[in-house]
Amino acid sequence: MLCLQNPDRMLFSRDHRILVTGASSGIGRAIALRCNALGATVIANGREENRLREAREQAANAEAFALEALDLTSDMEALPKWVTRLRERYGKLGGFVHAAGLGLTAPLLMYNLEEAGKLFDIHVHAPMLLAKGFADRRNTIGKGAAMLFMGSSGAVIPQRAKLVYASAKGAQITAARCLAKELAPRGIRVNSISPALVETPMLEGFRTMLGEESFTAEKEQYPFGLGQPEDVAALACFLLSEESRWITGQNIIMDGGRY
Ligand SMILES: NC(=O)c1ccc[n+]([C@@H]2O[C@H](COP(=O)([O-])OP(=O)(O)OC[C@H]3O[C@@H](n4cnc5c(N)ncnc54)[C@H](OP(=O)(O)O)[C@@H]3O)[C@@H](O)[C@H]2O)c1
């Protein structure tokens with residue numbers, strides 16, 4: 001797999017346009033930057049324009065790094081049309097990565113509908129409505145297009161106090177598998193990556209919640225250390241590219257040997 005070993009090799013052409021949500025931070029930012037460095041035009045989404053600008057400052061090809069700030073949960077019904085507007089502005093899309101997300105560590109006693117609703121909105125409803133817009137024949141290149149969803153190892157390996165987050169991720173992963181079946185006849189592939197702990201701003205919230213001692217004990221369970229956003233980005237680019245043309249409907253766990 002040359003692409004994983006040699007980041008200088010161009011995996012994408014400039015007219016391969018990839019919409020990346022969560023591109024202002026952490027894993028999404030690393031994926032957006034790597035896709036851009038490997039030749040793609042990236043349409044970077046996050047809520048905050050300033051953070052998106054910071055991401056673009058790190059881009060290898062800043063002229064092919066477009067910024068589209070939008071809160072994806074503010075008007076979810078409008079998301080398919082938003083994707084159509086992106087196609088009108090930039091051209092047909094070849095890739096869609098959903099890396100926007102919110103973390104939540106809370107036991108059953110703290111279950112509350114409003115908070116659970118927010119998690120299901122950003123991890124299930126918004127990405128499916130974006131997928132609906134992406135899958136529209138007018139918006140995508142069709143054969144050769146790929147979608148990628150950021151799951152979580154917690155969806156597969158149960159953890160305490162993660163029931164809402166893990167359920168939302170589980171729903172997203174299952175939805176992605178269904179999409180893979182539905183879109184295979186059109187040559188569109190759909191996969192998920194499920195990382196364990198990756199060092200991003202989201203992890204800081206988890207660290208604070210656990211406390212330093214428990215966090216250090218958890219970290220020691222990783223024989224290859226905690227993940228870095230770039231570790232996930234390397235696999236993401238492979239899954240978005242033609243090099244993975246025989247892979248669809250999968251959920252790939254990346255956990256540095258933790259489980
Ligand atoms: N870090 C980990 O250990 C880990 C492990 C497994 C899975 N994951 C998953 O990987 C994905 C990325 O996580 P991360 O660690 O990179 O988190 P992060 O650094 O906190 O980044 C989260 C991103 O989501 C965006 N976002 C959140 N709500 C949004 C909304 N309503 N509309 C648009 N954008 C929104 C944020 O944009 P702004 O803040 O700019 O608005 C930010 O770009 C998430 O789905 C997360 O659940 C993370």
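**Entry 1: helix α2**

Which residues in α2 are buried? I looked them up and found G26, I27, G28, R29, A30, I31, A32, L33, R34, C35 and N36. Buried means under 20% relative accessible area, exposed means over 50%, and partly exposed is in between (1.4 Å probe, protein chains only). I noted that helices (H or I, at least four residues) and strands (E, at least two) are DSSP runs, numbered from the N terminus.

This is a predicted model, in which local features need pLDDT of at least 70, side-chain atom pairs count only at pLDDT 80 or more, and totals for chains, interfaces and linings use all residues. Residues are numbered from 1 along each chain as its sequence is written, and side-chain values use heavy atoms, with hydrogens and water left out.

Back to α2. Because 11 of its 12 residues are buried, α2 is largely enclosed by the rest of the structure. I also checked its span. At 1.5 Å a residue, α2 should span 16 Å, and its end C-alpha atoms are 17 Å apart, which agrees. The expected span is 1.5 Å times one less than the number of residues. Just after α2, G39 has a positive phi of about 110°.

**Entry 2: the ligand**

Next I looked at the ligand. I counted a residue as near if one of its heavy atoms lies within 4 Å. The ligand is surrounded by 29 residues, and the closest are S24, S25, R47, Y165 and T200. The shell holds 14 nonpolar, 10 polar and five charged residues. Here Ala, Val, Leu, Ile, Met, Phe, Trp, Tyr, Cys and Pro count as nonpolar, Asp, Glu, Lys and Arg as charged, and the others, Gly among them, as polar.

Which helices each supply at least two residues of the shell? I found α2 (26-37), α5 (113-135), α6 (163-183) and α7 (201-210).

Then I went through distances. A side-chain N or O atom of S24 is 2.5 Å from an oxygen atom of the ligand. For R47, the distance from a side-chain N or O atom to a ligand oxygen atom is 2.6 Å. A polar side-chain atom of Y165 lies 2.5 Å from a ligand oxygen atom. On its own the ligand has 890 Å² of accessible area, and the protein covers 94% of that. Accessible areas come from the Shrake-Rupley method with a 1.4 Å probe.

**Entry 3: helix α6**

The 21 residues of α6 should span 30 Å at 1.5 Å a residue, and the end C-alpha atoms are 30 Å apart, which agrees.

S152 lies in the loop between β5 and α6. Is S152 buried or exposed? S152 counts as buried because its relative accessibility is 7%. Leaving aside neighbours within four places in sequence, S152 is in contact (heavy atoms within 4.5 Å) with Y165, K169, I173, I193, S194 and P195.

A161 lies in the loop between β5 and α6. Its phi is near 65°, a positive value in a residue other than glycine. Most residues other than glycine have a negative phi. A161 counts as partly exposed, at 25% relative accessibility.

G144 is in the loop between α5 and β5. G144 is buried, with a relative accessible area of 18%.

Notes:
A polar contact is a pair of N or O atoms within 3.5 Å; within protein, one must be able to donate a hydrogen and the other to accept it, and residues adjacent in sequence count only if both atoms are side-chain atoms.
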